[in-house]
Amino acid sequence: MRPGCHQAFLLVGPTAVGKSAVAHELARAGRLGILSADSMLVYRGMDLGTAKPTVGERAELPYWGVDCVDPDEDFSAGKFVQVARAAFAEAEVRKHGVLVAGGTGLYVQCLLHGLRAEGAVDQDLRARLNALFAERGVAGLRDELARLDPARLRALADPDNPRRLMRALERVGQPDSHPAWDRAAAPHLVGLRRTQPDLEERMRRRVDEMFSAGLIAEARSLRDRFPDLSATAKQAIGYAEAWAVLDGRQTEMQARAATLLRTRRLAKRQLTWFRHQARMLWIDVTPDMTIPDIAAAVLALWTDHGPTPLVL
């Protein structure tokens with residue numbers, strides 16, 4: 001198919017807002033498959049800390065963008081686009097529509113506007129950045145970007161992600177090759193949001209459930225199986241904290257608090273990204289709304305505005 005001929009229904013929003021359950025409800029009722037636009041669901045074995053769809057849910061309908069690579073493998077926006085193209089090809093054979101659900105703004109941007117045009121990589125610079133990361137971790141990369149280009153650091157959707165920090169450092173001094181979004185002409189996106197106290201309580205419950213369900217044991221097993229984790233997997237929210245417990249650098253109580261703090265910061269960045277980068281149709285979810293209630297509100301907006309055209 002030529003670029004731009006695909007279309008899908010999109011459901012976005014911050015972490016812990018309830019996208020996954022609503023998306024599954026809508027997909028099951030509407031003969032849709034779900035393409036995950038979540039950068040952490042791609043890793044096999046990282047289940048408890050990512051709120052991954054259950055085995056039962058994945059048996060009910062097609063899921064794409066889940067369990068794509070092992071945690072010691074890199075996964076880029078370019079690979080996500082490849083997964084998305086394969087998902088649409090399979091959906092066409094199955095005669096399914098596609099529902100895109102997630103909160104990773106970069107992935108949504110790739111679907112709506114295509115990949116950035118990247119220049120050649122400076123291998124010497126990349127080697128220096130890899131050495132900096134090995135010596136000082138994410139903090140070292142972040143400090144270097146703050147020194148060289150603080151505006152570019154502020155624009156990052158996920159400043160805890162080492163791959164994105166390295167890409168930003170490699171582009172310092174270069175113009176941004178991706179055109180700015182024309183919000184007036186951009187397609188509408190349907191998103192879920194909640195009041196801050198409600199979202200905060202949901203995040204707190206999720207963190208407690210993750211650790212109570214055995215996140216630390218899962219993290220131990222992952223590191224035993226994959227001793228050389230990818231830079232992104234090492235920094236995954238919840239897992240980095242679980243490994244800190246295993247290494248004796250934190251207590252479990254401290255790990256839970258740190259995980260909640262990082263989750264809160266992620267949600268704030270996600271809301272800011274969608275607010276500034278898209279034409280949002282927000283559904284304000286209240287605690288008394290059931291999953292069918294929320295799904296009905298989403299479906300009403302989809303019916304009014306139609307599916308979103310994509311660039312693939």
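View 1. Cys68 is partly exposed, because its relative accessibility is 21%; the class runs between buried (under 20% relative accessible area) and exposed (over 50%), with a 1.4 Å probe and protein chains only. The model is predicted: local features need pLDDT of at least 70, side-chain atom pairs count only at pLDDT 80 or more, and totals for chains, interfaces and linings use all residues. Residues are numbered from 1 along each chain as its sequence is written, and side-chain values use heavy atoms, with hydrogens and water left out. A disulfide is a pair of cysteine sulfur atoms within 2.5 Å. By this rule the count is zero disulfides. Cys68 is in none; the nearest cysteine sulfur, that of Cys110, is 14 Å away. That is too far for a bond. Cys110 is buried, at a relative accessible area of 3%.

**View 2. Phe9 and Trp302, an aromatic pair.** Rings of Phe, Tyr and Trp (its six-membered ring) pair if their centres lie within 6.5 Å; planes under 30 degrees apart are stacked, over 60 edge-to-face, and the rest tilted. The count is five aromatic pairs. Phe9 and Trp302 have ring centres 4.8 Å apart and planes at 35°, so this pair is tilted. Phe9 lies in strand S1 (residues 7–12) and Trp302 in helix H13 (residues 291–305), so the pair ties together parts 293 residues apart in sequence. Helices (H or I, at least four residues) and strands (E, at least two) are DSSP runs, numbered from the N terminus. Phe9 is partly exposed, with a relative accessible area of 23%. Trp302 is buried, at 5% relative accessibility.

**View 3. Phe80 and Tyr107, a stacked pair.** The centres of Phe80 and Tyr107 are 4.1 Å apart, with 10° between the planes. Phe80 sits in helix H3 (residues 77–94) and Tyr107 in helix H4 (residues 105–113), 27 residues apart. Both Phe80 and Tyr107 are buried. Together with Phe75, Phe80 and Tyr107 form one aromatic cluster.

**View 4. Helix H13 and its buried face.** Ile294, Ala295, Val298, Leu301 and Trp302 are buried in H13. Seen down the axis, the buried residues of H13 fall within an arc of 125°, so they line one face of the helix; the arc is that of the directions from the helix axis to the C-beta atoms. The face of H13 turned away from its buried side carries the exposed residues Thr303 and Asp304. Just after H13, Gly306 takes a positive phi of about 80°.
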